[in-house]
Amino acid sequence: MGLPIAVLIVMFPSILFPSPNRLINNRLISIQQWLIQLTSKQMLMIHNQKGRTWALMLMSLIMFIGSTNLLGLLPHSFTPTTQLSMNLGMAIPLWAGTVITGFRHKTKASLAHFLPQGTPLPLIPMLVIIETISLFIQPMALAVRLTANITAGHLLIHLIGGATLALINISATTALITFTILVLLTILEFAVALIQAYVFTLLVSLYLHDNT
Amino acid sequence: MASSVPVKEKKLMEVKLGELPGWIQMRDFTPKGIAGTSQRVYYRYYNKYINVKKGGVVGISMVQAANVLFNYCRPYKELKHERLRKYH
């Protein structure tokens with residue numbers, strides 16, 4: 001019973017972003033257009049002509065992760081980005097895309113990334129191994145970072161909310177303190193939701209910059 | 001309580017509560033029918049609440065409220081036991 005509803009829930013944020021039809025649209029679309037223009041200018045400044053072909057991918061990535069994380073802060077909702085499977089599914093193809101682009105177009109330069117400049121001769125084999133490992137860890141780190149941050153935030157909210165409820169009968173002052181902590185935590189979670197989206201996209205774009 | 005117009009041709013707001021199961025069964029459940037219904041529902045809501053000159057926060061708030069309600073009904077069987085009642 002869970003599987004078809006999960007598909008609906010993953011597709012739900014796309015309903016909240018209608019496509020602009022006219023020159024001057026309604027307020028929702030105008031706000032979203034302004035935000036997307038702001039973000040895309042910021043994010044695509046560092047790329048050259050070749051990297052800017054990834055603009056659509058990066059923008060849809062940040063909109064999807066941001067909206068999914070923010071929707072997960074509503075009570076009882078299900079956040080797809082807490083599932084490691086989905087984050088791996090996003091991170092691995094994107095990272096592999098940047099690496100393969102680098103190999104195809106600038107083979108020598110992307111292989112040269114494995115060895116920082118000016119290393120002493122005896123250290124070279126070890127350093128190449130370390131750089132390879134750090135390259136292959138990049139998609140794992142992307143996925144696990146997003147999963148862990150969102151899951152930890154949701155968990156904290158659940159636990160502290162439950163503690164506040166349980167403390168009301170025992171001691172009202174402690175419940176009030178716990179409630180203040182809960183309010184601050186929720187504000188943090190809003191920030192974290194957006195920041196995680198930004199970080200994911202920024203890192204993908206950084207890997208892209210190295211390889212174009 | 002027989003209706004003068006056959007049930008199939010009535011719109012949803014005009015179907016009486018007792019006839020609702022019969023009305024739902026007579027709808028068009030082919031993919032084309034479902035697509036048509038979803039499009040109609042979406043555009044009716046969109047053009048009434050969001051695509052207006054001075055839309056407010058009401059348009060998306062109602063969608064979010066429905067979202068929360070839907071996600072509450074999903075694990076209702078497990079949530080029932082966590083209510084603050086003396087006898088569950």
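**Core and contact in a predicted model**

Me: In this predicted model, which residues have the most contacts inside the largest nonpolar core?
Reply: The largest nonpolar core of this predicted model is made up of 27 residues. Helices H2, H3 (55–71), H4 (84–105), H6 (124–167) and H7 (172–211) of chain A each give two or more residues to this core. Within the core, the residues with the most contacts are A:Leu61, A:Ile65, A:Met90, A:Leu142, A:Phe200 and A:Val204.

Me: Which residues does A:Leu61 touch, not counting residues up to four places away in sequence?
Reply: A:Leu61 is itself among the residues with the most contacts inside the core. Once residues up to four places away in sequence are set aside, what A:Leu61 touches is A:Met90, A:Leu94, A:Phe200, A:Thr201 and A:Val204.

Me: How much area do chain A and chain B bury between them?
Reply: The size of an interface is often given as the accessible area lost when the parts come together. Here 16 residues of chain A and 18 residues of chain B take part in the contact. Of the area buried between chain A and chain B, 65% lies on carbon and sulfur atoms, and the total is about 1600 Å².

Me: Which helix gives the most to the side of chain A that touches chain B?
Reply: Between the two chains there are 0 salt bridges, while 3 residue pairs are in polar contact. Helix H1 (2–11) and helix H2 (27–44) of chain A each supply at least two residues of the side that touches chain B. With 3 residues, the helix that gives the most to that side is H2(A).

Notes. Residues numbered from 1 in each chain as written. Chains lettered and ligands numbered in written order. Predicted model: local features only at pLDDT ≥ 70, side-chain atom pairs only at ≥ 80, totals over all residues. Heavy atoms only, no water. Contact = heavy atoms within 4.5 Å. Buried area = accessible area lost by both parts, 1.4 Å probe. Salt bridge = Lys/Arg side-chain N within 4 Å of Asp/Glu carboxyl O. Polar contact = N/O pair within 3.5 Å; in protein donor to acceptor, adjacent residues only side chain to side chain. Helix = DSSP H or I, 4+ residues; strand = E, 2+ residues; numbered from the N terminus. Core = buried A, V, L, I, M, F, W, Y, C linked by side-chain atoms within 4.5 Å. Buried < 20%, exposed > 50% of the residue type's maximum accessible area, 1.4 Å probe, protein only.
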